[in-house]
Amino acid sequence: MATIVVQRPKLAWHERWFISTLYKGLKITFLHAKHTWWTLLQGKGEVTMQYPEEKWDAHLPDHYRGAPALVKDEQDRERCVSCQLCEFICPPRAITITPEEIPSTDKWAKVEKRPREFKIDMIRCIYCGMCEEVCPEQAIYLRKDYAITGTTRAEMVHDKKKLYEIGGVRIGLVNKWNELK
Amino acid sequence: MGSFLDSINLAFLIASAVKIVFFAFMVILPMVAYSVYLERRISAIIQDRVGPNRTGIPLTLLGFKKDSHIFGIGGLVQPLADGLKFLLKEDFTPAHVNKFYYWLAPAIVMVPALLTAAVIPFGSELDLSWLTKIGVDGAWLHKPIKLVIADLNVGPLFTFAIASLGVYGIVLAGWSSNSKYSFLGGVRSSSQMISYEIALGLSIVPVLMIFGDLNLSKITEYQDANGWLLFPAWGKGAPWENGWHFGRWALLVPVFISFIIFTVSMFAETNRAPFDLPECETELVAGYHTEYSSMKFALFFMGEYAAMIIGSGLAVTLFLGGWSIPFAPWLGLDYKAGATPAWLGLAHIACFLAKVVCFIVFFIWVRWTLPRFRYDLLMKLGWLVFFELALANVILTAALLMYFKI
């Protein structure tokens, strides 16, 4: 079996006894400390992004996957037709849809179905984007909201109202299969 | 019984109690809390981060718009928040531990660390006779109060004797936790303490030979008048004031070696990086305090920092003139027995604390610079290098003392 002899660096006596090495190390840490200290003291330059005040929002890429939300079309019709494909595809089963029939008196009676309630449990959601990919009506999209917080479990379930609030309106046929979405 | 009561000096008792409360609870414990804060801030700027900068006085709880930051520095209330968190956490005792020793160990770590504070002179003396002007009167006011809790004639020996008891706490914690990580941490700690205790003790023998005294306040007074041990620039230490006698300057060589050995041994003794093998996170989870939580863990934590502060205090007292202000006789700021004005007494306390803080900053700086030693290298350094070097240093000092007839 071949033996590989590891070449150890030859150290001078002052390096081996931590004299020059200690000095060098202390110098490096001191220079870092001094630089950061000055930057902090002057308030200019960047040390760390101060999270709640400064956020990544402006720098988020177009393909960012945040909270899923429902959208309406230009006629203010909810696009979702309650086919429940997203509910079936959802890997962590975060989506619960209660479908209902659109009454014949309604303007959009020919669409036949709409969700009575649409719930996404944001504790379960893994932001995979499968619901968006599977949706035949282009009704559900992943938006850029990422700080979903709440003090109770019930607060963390997004209902239909909340979902439309996040989603807003999408005009025209949006091509989901371009390179961005 | 009556004569026994009469023999108790009430003024002395009260003065001692006040000094204990002031030094142990109003100086050391807040210093422990704030050295943790200092450690977090310094480690942060060394690693190009900001560190805890948010915690202020929580005025928002009272309905104000913003939390208040003391002096505009954010995070100065962080130690209080940390303390509160430790108090409110669940104090969990695992089922598999030996309960008696498990509960005893944190106290045994904390108590010796605070006890050694008794012999450190944290100031020269405080003249309280100005109190008579505002109506307080008493015979005890006219004698200045010595700012050391116990003016023992065996100062450093007492410190080492008590400080080495701290290892019992760590060993007991490691053993009673009944877990392999804790056990290894305890074993490492005890062997480390044994190997560095000897070097630590021997390293100050040259210092005691030079002073010819074991009383820490006398040692500091001597340094105040005749130049610090590591900085002999006035009094008998300076050749130009002493008939061009270079004795003290020649002694700087052994004193410097002593100082290095003492400081490095102090790092090992207080389990600080680069010698923090007993709690070595990468191998032992958290070492001897793996199984501890809440305030019991906090006691270990505080014990480590208290030991660090006392160690710094001892190093400052022995080598850097204690409470003495540099060039004191030239500036007229030196200690005059029984005639030091009150403001100078306070300035001496401030000087002592400033020196200790500088030393603590150095401790922290080294911790965030050096990687941890390998265990065999640590033992080798203690037994094969420092022990022999300290012994040779004693002989060198003796030879120099004989040659220069100091």
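Reader: Which residue stands opposite Ile95(A) in S3(A)?

Author: This is a predicted model, in which local features need pLDDT of at least 70 and side-chain atom pairs count only at pLDDT 80 or more, while totals for chains, interfaces and linings use all residues. Residues are numbered from 1 along each chain as its sequence is written, chains are lettered from A and ligands numbered from 1 in the order in which they are written, and side-chain values use heavy atoms, with hydrogens and water left out. Helices (H or I, at least four residues) and strands (E, at least two) are DSSP runs, numbered from the N terminus. The residue opposite Ile95(A) in S3(A) is Ile120(A).

Reader: Over how many bridges do S2(A) and S3(A) pair?

Author: Two strands count as paired if DSSP finds at least two bridges between them. Glu101(A) faces Lys113(A) of S3(A) across this pairing. S3(A) covers residues 113–121, and S2(A) pairs with it in the antiparallel sense; the number of bridges is 7.

Reader: Which are the edge strands of the open sheet?

Author: The open sheet has 3 strands, in the order S2-S3-S5 of chain A, with antiparallel pairing. An edge strand here pairs on one side only, and that applies in chain A to strand S2 (95–101) and strand S5 (157–158).

Reader: How many bridges join S3(A) and S5(A)?

Author: Asp121(A) is placed opposite Val157(A) in S5(A). The two strands again run antiparallel, and the number of bridges is 2.

Reader: At about what angle does H5(A) run to S3(A)?

Author: Axes are lines fitted to C-alpha atoms, for helices over the stretch in contact, and angles run from 0 to 180 degrees between N-to-C directions. Helix H5 (residues 160–167) of chain A lies across S3 and S5 of that chain. Its angle to S3(A) is about 85 degrees.

Reader: Within what arc do the buried residues of H5(A) fall?

Author: Buried means under 20% relative accessible area, exposed over 50%, and partly exposed in between (1.4 Å probe, protein chains only). In H5(A) the buried residues are Lys160(A), Leu163(A), Tyr164(A), Ile166(A) and Gly167(A). They line one face of the helix, because down its axis they fall within an arc (taken from the directions from the helix axis to the C-beta atoms) of 160 degrees.

Reader: Which strands do the buried residues of H5(A) pack against?

Author: The face turned away from the buried side carries the exposed residues Lys161(A) and Glu165(A). Contact means heavy atoms within 4.5 Å. The strands that the buried residues pack against are, in chain A, S1 (68–70), S3 and S5.

Reader: Why is the pair of Phe100(B) and Tyr101(B) edge-to-face?

Author: Rings of Phe, Tyr and Trp (its six-membered ring) pair if their centres lie within 6.5 Å; planes under 30 degrees apart count as stacked, over 60 as edge-to-face and the rest as tilted. Over all chains, the structure holds 25 aromatic pairs. For Phe100(B) and Tyr101(B) the centres are 5.2 Å apart, and the pair is edge-to-face because the planes stand at 75 degrees.

Reader: Is Phe100(B) buried or exposed?

Author: Tyr101(B), with a relative accessible area of 31%, is partly exposed. Phe100(B) has a relative accessibility of 56%, so the residue counts as exposed.

Reader: How many residues apart are Phe259(B) and Phe319(B)?

Author: The rings of Phe259(B) and Phe319(B) make an edge-to-face pair, because their planes are at 65 degrees with centres 5.2 Å apart. Phe259(B) is in helix H11 (residues 252–269) of chain B and Phe319(B) in helix H13 (residues 294–319) of chain B, so-called distant parts of the chain, with a separation of 60 residues.

Reader: Which residues does Thr263(B) touch?

Author: Thr263(B) is found in helix H11 of chain B. With a relative accessible area of 8%, Thr263(B) is buried. Not counting residues up to four places away in sequence, Thr263(B) touches Phe359(B) and Phe362(B).

Reader: How far from the centre of the ring of Trp103(B) is the charged end of Lys296(B)?

Author: A charge sits over a ring if NZ of Lys or CZ of Arg is within 6 Å of the ring centre and within 35 degrees of the ring normal. The charged end of Arg77(A) sits over the ring of Trp108(A), 5.7 Å from its centre. For Lys296(B) over Trp103(B), the distance is 4.1 Å.
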